[in-house]
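Please look over the sequence and model first.

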Amino acid sequence: ARYNRDDIFRMVKEQNVQFIRLQFTDIFGVLKNVAITVNQLEKALDGELMFDGSSIDGFVRIEESDMYLRPDIDSWVTFPWHSGEGAVGRFICDVHKSDGTPFEGDPRVILQKVLAEAAEMGYTMNVGPECEFFLFQTDEKGRPTLITHDNAGYFDLTPVDLGENARRDMVINLEDMNFEIEASHHEVAPGQHEIDFKYADALTAADNIQTFKFVVRTIAQRHGLHATFMAKPIFGINGSGMHVNQSLFKNGQNAFYDPQGELELSMDAYYYIGGLMQHARGMAAVTNPTVNSYKRLVPGYEAPVYVAWSGQNRSPLIRIPAKRGVSTRVEMRNPDPSCNPYLAIAVMLKAGLDGIKNKITPPPAVNQNIYEMNQKEKDDLAINSLPGSLEEAVKELKNDAVIMYALGNHAMDRFVEAKTLEWDEYRTKVSRWEIDQYLTKF
Ligand code: ADP
Ligand code: MG
Ligand code: MG
Ligand code: MG
Ligand code: MG
């Protein structure tokens with residue numbers, strides 16, 4: 001552990017912390033807060049702070065609604081930006097039931113369950129996410145537009161580097177919150193950015209993703225911009241992905257690295273890839289959870305469409321970056337930043353472990369351009385597609401017992417219920433595209 005109780009009380013005093021946010025995440029990946037004053041710190045650390053679980057989407061019904069927040073003491077950090085008197089600190093919390101046991105519908109609890117399964121097999125998991133996002137201008141009322149800072153430069157007097165300045169500020173604030181930033185750059189699409197931070201153990205990485213999104217949104221707002229992590233805000237240009245670099249370690253060594261293995265990869269690495277591929281369709285509803293997610297997974301925009309892996313090519317679903325030794329890793333390229341990072345990492349790990357347990361050998365690597373193959377060539381290589389829609393993804397999820405087990409009945413039921421509704425609502429709405437196509441034609 002990084003901190004003990006005394007450390008927290010000391011830091012609270014030293015930094016004049018007045019408010020503390022207790023954070024947790026609902027099953028849809030939305031960060032939730034219960035704000036307390038420092039007077040309640042003792043009680044919070046004892047895990048005695050209650051909230052109404054029925055007020056959180058996808059948690060519980062009224063009858064069973066008393067839930068408790070258990071702060072993860074190591075997640076303590078103060079926000080570097082200031083608003084009003086005193087500093088604001090936060091803890092990331094696990095959700096517990098009134099009987100004191102972990103709540104099986106809490107995404108953070110779900111990830112810890114799969115991590116415990118990995119630990120039993122001798123593995124720890126490391127995760128390095130690459131989170132892309134768009135920055136849009138806001139209008140005079142502060143509402144987000146679809147105008148990016150770099151487009152706006154043509155017409156307005158806005159400085160062209162509005163987004164660049166905001167990004168620099170984000171990096172500085174993240175570093176103040178103990179993030180180790182490895183890279184930060186403008187992405188391919190106008191208004192699109194990526195900030196990469198150093199990999200960490202899976203639970204910390206999922207926490208970091210949630211903190212990252214929160215910081216990026218907050219700082220964007222302070223620059224008069226809106227940051228969005230939706231997968232495909234604009235048709236015709238690249239969407240935002242969240243590549244997930246992942247590796248397993250055993251006895252302090254990277255278990256994916258084997259200097260004697262083919263491509264210097266271990267059998268564990270191959271089976272892990274095999275598991276990811278076997279369950280890629282079944283877990284898509286989790287890694288790509290919105291109607292909009294599937295508008296990113298189309299040919300022509302650097303996002304994967306087919307279930308394939310390669311050690312050379314940058315375009316397939318699973319890529320093996322060239323680095324070996326401690327950096328040996330598998331990069332899963334379909335997840336997008338609208339996913340719940342706890343659940344997405346949980347299902348990917350579960351899929352990989354299933355590959356290792358059942359020695360699932362992946363099909364041969366595909367190093368040619370799949371987009372140029374005809375159906376017969378794809379069939380010969382048994383190349384499957386990712387689901388084409390949220391509807392298809394939910395169907396696949398319901399057919400994948402391994403992934404369902406990882407989520408557990410509670411989260412699974414709520415998730416499927418909500419995603420089915422989401423699809424149905426979308427399906428029955430009349431879109432601009434339909435009007436443009438049909439209104440005058442018929
Ligand atoms: P790309 O070449 O796909 O753009 P990046 O350099 O943007 O990749 O990001 C690579 C990510 O992989 C970083 O977050 C880095 O910390 C992470 N990473 C490095 N080694 C490992 C490892 N062993 N396990 C998991 N992630 C790792
Ligand atoms: Mg990158
Ligand atoms: Mg890179
Ligand atoms: Mg990128
Ligand atoms: Mg990448």
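Leaving aside its neighbours within four places in sequence, which residues is Lys350 in contact with? In this predicted model, the partners are Val114, Glu117, Val402, Tyr405 and Ala406. Lys350 sits in helix α9. Its relative accessibility is 8%, and because the cut-off for buried is under 20%, Lys350 counts as buried. The side chains of Lys350 and Glu117 are joined by a polar contact of 3.0 Å.

| Pair | Residues | Angle | Axes apart |
|---|---|---|---|
| α7 and α9 | 267–287 and 341–357 | about 140° | 6 Å |
| α3 and α6 | 107–120 and 202–222 | about 155° | 10 Å |

Take α7 and α9, which pack at about 140°. That angle makes α7 oblique to α9. The crossing of α7 past α9 is right-handed. On α7, the contact residues include Tyr271, Tyr272, Leu276 and Met283. On α9, they include Leu343, Val347, Met348 and Ile356. By class, this contact of α7 with α9 holds 13 nonpolar, 5 polar and 2 charged residues.

Now α3 and α6, with an angle of about 155°. Angles over 145 count as roughly antiparallel, so α3 is roughly antiparallel to α6. α3 passes α6 in a right-handed crossing. From α3, Arg108, Leu111, Gln112 and Leu115 take part; from α6, Ala202, Leu203, Ala206 and Asp207 meet them. The contact of α3 with α6 divides into 5 nonpolar, 1 polar and 2 charged residues.

Terms used: Residues are numbered from 1 along each chain as its sequence is written. Chains are lettered from A and ligands numbered from 1 in the order in which they are written. This is a predicted model: local features need pLDDT of at least 70, side-chain atom pairs count only at pLDDT 80 or more; totals for chains, interfaces and linings use all residues. Side-chain values use heavy atoms; hydrogens and water are left out. Axes are lines fitted to C-alpha atoms, for helices over the stretch in contact, and angles run from 0 to 180 degrees between N-to-C directions. Helices (H or I, at least four residues) and strands (E, at least two) are DSSP runs, numbered from the N terminus. Angles under 35 degrees count as roughly parallel, over 145 as roughly antiparallel, 65 to 115 as roughly perpendicular and the rest as oblique. A crossing is left-handed if the near helix is turned anticlockwise from the far one by less than a right angle, and right-handed if clockwise. Contact means heavy atoms within 4.5 Å. Ala, Val, Leu, Ile, Met, Phe, Trp, Tyr, Cys and Pro count as nonpolar, Asp, Glu, Lys and Arg as charged, and the others, Gly among them, as polar. Buried means under 20% relative accessible area, exposed over 50%, partly exposed in between (1.4 Å probe, protein chains only). A polar contact is a pair of N or O atoms within 3.5 Å; within protein, one must be able to donate a hydrogen and the other to accept it, and residues adjacent in sequence count only if both atoms are side-chain atoms.
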